Amino acid sequence: MSVRTLPLLFLNLGGEMLYILDQRLRAQNVPGDKARKVLNDIVSTMFNRKFMEELFKPQELYSKKALRTVYDRLAHASIIRLNQASMDKLYDLMTVAFKYQVLMCPRPKDVLLVTFNHLDAIKGLIRDSPAILNQVDETFQQLTEVYGGLSAGEFQLIRQTLLIFFQDLHIRVSIFLKDRVQNSNGRFVLPVSGPVPWGTEVPGLIRMFNSKGEEVKTVEFKHGGNYVAAPKEGSFELYGDRVLKLGTNMYSVNRPVETHMSGASKNLASQTQESIAPNPLAKEELNFLARLLGGMETKKPSDPEARFRLNLFATEEEEEQAALTRPEELSYEVINIQATQSLF
Amino acid sequence: MFRRERSIPLRGSAAALCNNLSVLQLPVRNLTHFGVVHGPSAQLLSFAPEGLPLAQRQLHAKEGAGVSPPLITQVHWCVLPFRVLLVLTSHRGIQMFESDGSIMVYWHALDSGDASPVQAVFARGIAASGHFICVGTWSGRVLVFDIPAKGPNIVLSEELAGHQTPITDIATEPTQGQDCVADMVTADDSGLLCVWRSGPEFKLLTRIPGFGVPCPSVQLWQGTVAAGYGNGQVRLYEASTGTLHVQINAHARAICALDLAPEVGKVEHCHGECVPDTQVCGARFCDPSGSSFAVTGYDLAEILRFSSM
């Protein structure tokens, strides 16, 4: 599929991760300076120039398991510790959120606006650090260079590639269930009303022309949906009104990260897909991970007491329970890689 | 008016590709074959109207160099004068099977020679025209294969130039013995449509320019091109001249699949159907009179069926 998909996947999932960690840091009443350090460390690792260079090289997407390893390392580039149950939960939330955003984009190109929404919010989280802000802006520039000129057809291929990556993922997230964005079977609710995508006309009109190109008749028909014209196009500039809300932070102090994972739907297909995929420890995949991870420094804080555990659940008991009862088909085999030798 | 019939379960969900449903009707045996792409595999199944699915088969794209298994872009039955072949296109090449998918009779590896590293290489767009099978590619070139009445001696006879962007879909119709009549249309990611006349050498008759959106799905019927576009519009053109006859603001999202029932021929909105919470990726009439149709949706492990009341 498209070989330009990985940067979009990585940055958007990373953005969701930061939203969730930010919310958990507040929920656990972590002191402001510590919380800021966590976010600053993760963002500066994520937007490290050499790391971005590797990321933006044309390449195929790899498995969900391989990508999870990257985020595991990314989270631990800061002073937090996440045990497996919390890391699994975090990754589930990230992937479901971005799957939803991709699915709901009115036009395939809107995935770029979703990415910009994430970057805008990330800049808000680290606004006290000009050096890191600069890194994010540079990535913004790179995104504009790579994606700014792509055609609608190329974005369509990127969208299809992302949807293949997320195919058969039906984990239920209670914040989505509460907002009626997701059904109890894990499928997302697709509204048939609202504004049409920018560049699309409201359905319901048939226009007929003669051989001279003159319009000779129009017929209206009932479409079944309830659509209105799009008000304006979102901005693709460094600063601007994105218009689209997808990719903005849906978690806040009053909308906590869900703490009860509803059971996943038993779907044979999800097993079929993974069983056909090659062994995730295939040589090429290891090389890719090593290159990416080689650019991440594992920071060892001078004070061992500085590291603290972050919990994605309300209590430690819940976290333990989640680890014990996680359905088999959703287990992410953690790939352990000694990527201490940097390639740079 | 159409009503929902019982769905046909699939072993794997449908991938978010365009034109992701192929239907082959075998009226003599009262069987219908369905083909759906899941991702690295495609699922074929045979179905008798009032019975359970009779047979299921999974096909995979032929492996090659690369990390992950190649993804299939399309699966489609080609009905030729003396045989029916099943064609499968992927990111590696083109495979042709006997119609039940049991034996592969031909393999054509794609040449990615002049592709830049940022370009995805794949085949997509499949149609039969007389004794030829035409398949589109990522470069815009359309490969024309000459198919013998039986056996595996399939030959690449021509490469058609006309498109600069990846082919999305190809449609054909029988020429009814008339000369100089358009019998094939090819569509691409830029929305450009090329209208051809088949023959020992294919001839380009008309070009119908795009307008900034892809044309993922196209059909040809009695000299009329029906094209579905990425902005939700359906347009009908006269094939020989490229004149626009009808423009329909049909959908609020990109059109992914479009089909015509050849025995009926008017443009009239007869029915609207909404499949709740499903992004449709394939749609086909199941019989020439258009009295029934089937639909696939992304992430959905079943084929939805509708028939007229």
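Predicted model: local features only at pLDDT ≥ 70, side-chain atom pairs only at ≥ 80, totals over all residues.

Biologist: What makes up the secondary structure of chain A?

Modeller: Twelve helices and six strands. Helices are DSSP runs of H or I with at least four residues, strands are runs of E with at least two, and both are numbered from the N terminus.

Biologist: How do you know that the span of α2(A) agrees with its number of residues?

Modeller: The expected span is 1.5 Å times one less than the number of residues. For the 15 residues of α2(A) that comes to 21 Å, and the end C-alpha atoms are 21 Å apart, so the two agree.

Biologist: And how does α2(A) pack against α7(A)?

Modeller: Helix α2 (residues 32-46) and helix α7 (residues 130-147), both of chain A, pack at about 35 degrees, with axes 9 Å apart. The axes are lines fitted to C-alpha atoms over the stretch in contact, and angles run from 0 to 180 degrees between N-to-C directions. The crossing is left-handed, a label for a near helix turned anticlockwise from the far one by less than a right angle.

Biologist: Which residues make that contact?

Modeller: On α2(A), Asn40(A), Val43(A) and Ser44(A); on α7(A), Ile132(A), Gln135(A) and Val136(A). Contact means heavy atoms within 4.5 Å. The residues divide into three nonpolar, three polar and no charged.

Biologist: Why is Tyr100(A) called buried?

Modeller: Buried means under 20% relative accessible area, exposed over 50%, and partly exposed in between, using a 1.4 Å probe and protein chains only. Tyr100(A) has 14%, so it counts as buried. Its place is in helix α5 (residues 84-104) of chain A, and beyond four places away in sequence it touches Phe176(A), Val181(A), Phe188(A) and Leu246(A). Across chain A, buried residues make up 53% of the 344 residues.

Biologist: What makes Val243(A) partly exposed?

Modeller: Its relative accessible area is 28%, so Val243(A) is partly exposed. Val243(A) is in the loop between β5 (226-228) and α10 (268-276) of chain A, and its phi is near 70 degrees, a positive value in a residue other than glycine.

Biologist: Is Gln222(B) buried or exposed, and how do you know?

Modeller: At 58% relative accessibility, Gln222(B) is exposed. Gln222(B) lies in the loop between β18 (217-221) and β19 (224-228) of chain B. Phi of Gln222(B) is near 45 degrees, again a positive value in a residue other than glycine.

Biologist: What about Gln43(B), and why that label?

Modeller: Gln43(B) has a relative accessible area of 3%, so it is buried. Its place is in strand β4 (residues 41-47) of chain B.

Biologist: Which backbone nitrogen does the side chain of Gln43(B) reach at 3.2 Å?

Modeller: That of Gly12(B). The backbone nitrogen of Arg11(B) lies 2.9 Å from a polar atom of the Gln43(B) side chain. Residues that Gln43(B) touches, beyond four places away in sequence, include Phe34(B), Val36(B) and Gln56(B).

Conventions. Residues numbered from 1 in each chain as written. Chains lettered and ligands numbered in written order. Heavy atoms only, no water. Nonpolar A, V, L, I, M, F, W, Y, C, P; charged D, E, K, R; others polar. Polar contact = N/O pair within 3.5 Å; in protein donor to acceptor, adjacent residues only side chain to side chain.
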